[in-house]
Amino acid sequence: MIAVLKRRVRPRLAKLARLPGGKTVGAIQAEVEARLEHLRDSCFAEARQTVARMSELAVRLPEPPAPDDLRPFYILCSEIVGLAGVADLAHAGRAALSFCRLLDGWMSGKPWRPASFHVHLTAVALLCRPDCALEPSARDRIVDGLDGVVRHHGSELQALRHVDT
Amino acid sequence: MPGAEFKLDKDDRINLEQATVMLLEVPKPGTDLLAQVFYGYGVRQPVRWHEVDKALAFAQSGEPLDLIVCDADVDGQAYDFIRRLRASDAEPNRFCPVIVLSGHTPRSQVARARDCGANFVVTKPLSPLVLLERIFWVCADRRTFVELPGYAGPDRRFQFVGPPRGATGRRSGDNATADEADGPNLSQDEIDDFMCSPPARAAS
């Protein structure tokens, strides 16, 4: 028999949030948007720097890489995902998310595919370029292609599992 | 889907001026997104940390916190932070609602957040409105805080999802499929469905 302690906890936040005053959701939205607008340029610059850091790390990446070698890329990609919404880099964010999925798979022991790594890195870098003149539809196709690479890796693993069994 | 059931109206009102909110975030000079979002919500002075140990020491120092928002990538130990906080004797902060922000959210990652005691997971890129909705959810969250060997945090049994991983189950309808380690990214609605049932409307 496992002893389970249960406590009824009512967050103080619930009481505070109902105090008179405060703001409406509409007012909050307007203020947050204005504040984030001020950060747009710095977020874009930070995303660019993050891509540059990934490119530097990629030059020194051992072949094949160990999970710990890939972890910094995962963290940096995740940063780009976080910055993308504010920095007007939606496609770069989606590409970075696709990259996260691949990196997570490799760190969990999936077979390493350098070409998939490099195509993701190149795509993220391209989509973060300030002079990237691609139309949104072309950007969509790039991201769809990256998603296809991730799906291919998934089905490749399924096939390997099938062979194993 | 819970996300579809609970949406904020523009006229809903919330007062976070007196709330003490701790942000545990990845340091990025000049891009304090999370802090700016909370200033916009009306929080006077969010407490900000970039290191898990310092954040934990602050949480244990005695100042009551009303909400903790934690970036999953912070210091590489965000989940460890939540687990240590929940297991500590720092009252009342060990009961404090914790929202995790994560970019990559496969089911395994969301399960990890849930199993270390997080209340909610919100996907990045951050939508200030979605995060605000989840703060309303926190205010209305009626789950009990449970403590058992290996887990302390909000009660995870809010819906029947079959037997534990690896178990075959005793009912004919039980489905014992284990979570894929790296399945597709869950949407915000799927995450909500996995973490917690929706509250009744809490907005005034």
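Helices, of at least four residues, and strands, of at least two, are here DSSP runs numbered from the N terminus. On this basis chain A of the predicted model contains 6 helices and 2 strands, and along its sequence these elements follow the pattern β-α-β-α-α-α-α-α. The C-alpha atoms of chain A fill a box of roughly 60 × 60 × 30 Å along the principal axes. The radius of gyration of chain A is 21 Å, whereas a compact globule of 165 residues would have a value near 15 Å. Of the 165 residues in chain A, 34% are buried, and among the contacts between residues at least 6 apart in sequence, 69% join residues that are at least 24 apart.

Within chain A, the packing of two helices can be described in some detail. Two packed helices are described by the angle between their axes and the distance between the axes. For helix H2 (residues 25–59) and helix H5 (residues 114–127) of chain A, the axes come within 10 Å and cross at roughly 155 degrees. Because angles over 145 degrees count as roughly antiparallel, H2(A) is roughly antiparallel to H5(A). The crossing of H2(A) and H5(A) is left-handed, and the contact is made by Val51(A), Met54(A), Ser55(A) and Ala58(A) on the side of H2(A), together with Leu121(A), Val124(A) and Ala125(A) on the side of H5(A).

Between the two chains, 48 residues of chain A are in contact with 50 residues of chain B. The side of chain A that touches chain B receives at least two residues from each of several elements, including strand S1 (5–7), helix H1 (12–17), helix H3 (67–84) and helix H4 (90–107) of chain A. The element that gives the most to this side is H2(A), with 12 residues.

Chain B holds an open sheet of 5 strands in the order S3-S2-S4-S5-S6, with parallel pairing. Strand S3 (47–49) and strand S6 (120–123) of chain B stand at the edges, and each has a single partner strand, so one side of each is left without a neighbour in the sheet. Neighbouring strands of this sheet are turned by 20 degrees against each other on average, direction ignored. Strand S2 (residues 21–24) of chain B pairs with S3(B) in the parallel sense over 3 bridges, and Met22(B) has Val47(B) in S3(B) as its bridge partner. Helix H2 (residues 33–41) of chain B packs on the sheet, where it touches S2, S3 and strand S4 (67–71) of chain B, and its direction makes about 160 degrees with that of S2(B).

Further along the sheet, S4(B) and S5(B) run parallel and are joined by 4 bridges, with Leu101(B) in S5(B) as the bridge partner of Asp71(B). In strand S5 (residues 98–102) of chain B, 5 of the 5 residues are buried, so this strand is largely enclosed by the rest of the structure. Both faces of S5(B) are covered, with Val98(B), Val100(B) and Ser102(B) buried on one side and Ile99(B) and Leu101(B) buried on the other.

Most residues other than glycine have a negative phi, and most peptide bonds are trans. A cis peptide bond, with omega about -5 degrees, joins Glu63(A) and Pro64(A), and Pro64(A) is found in the loop between H2 and H3 of chain A. In chain B, Lys124(B) and Pro125(B) are joined by a cis peptide bond with omega about 5 degrees, and Pro125(B) lies in the loop between S6 and helix H6 (128–140) of that chain. Asp88(A), in the loop between H3 and H4 of chain A, has a positive phi near 60 degrees, and with 13 C-beta neighbours inside 10 Å this residue counts as partly exposed.

How values were computed
Residues are numbered from 1 along each chain as its sequence is written. Chains are lettered from A and ligands numbered from 1 in the order in which they are written. This is a predicted model: local features need pLDDT of at least 70, side-chain atom pairs count only at pLDDT 80 or more; totals for chains, interfaces and linings use all residues. Two strands pair if DSSP finds at least two bridges between them. Axes are lines fitted to C-alpha atoms, for helices over the stretch in contact, and angles run from 0 to 180 degrees between N-to-C directions. Two residues are in contact if their C-beta atoms, placed from the backbone, lie within 7 Å. The radius of gyration is taken over C-alpha atoms; the globule rule is 2.2 Å times the number of residues to the power 0.38. A residue is buried if 20 or more other C-beta atoms lie within 10 Å of its own, exposed if 12 or fewer, and partly exposed in between; C-beta atoms are placed from the backbone. Angles under 35 degrees count as roughly parallel, over 145 as roughly antiparallel, 65 to 115 as roughly perpendicular and the rest as oblique. A crossing is left-handed if the near helix is turned anticlockwise from the far one by less than a right angle, and right-handed if clockwise.
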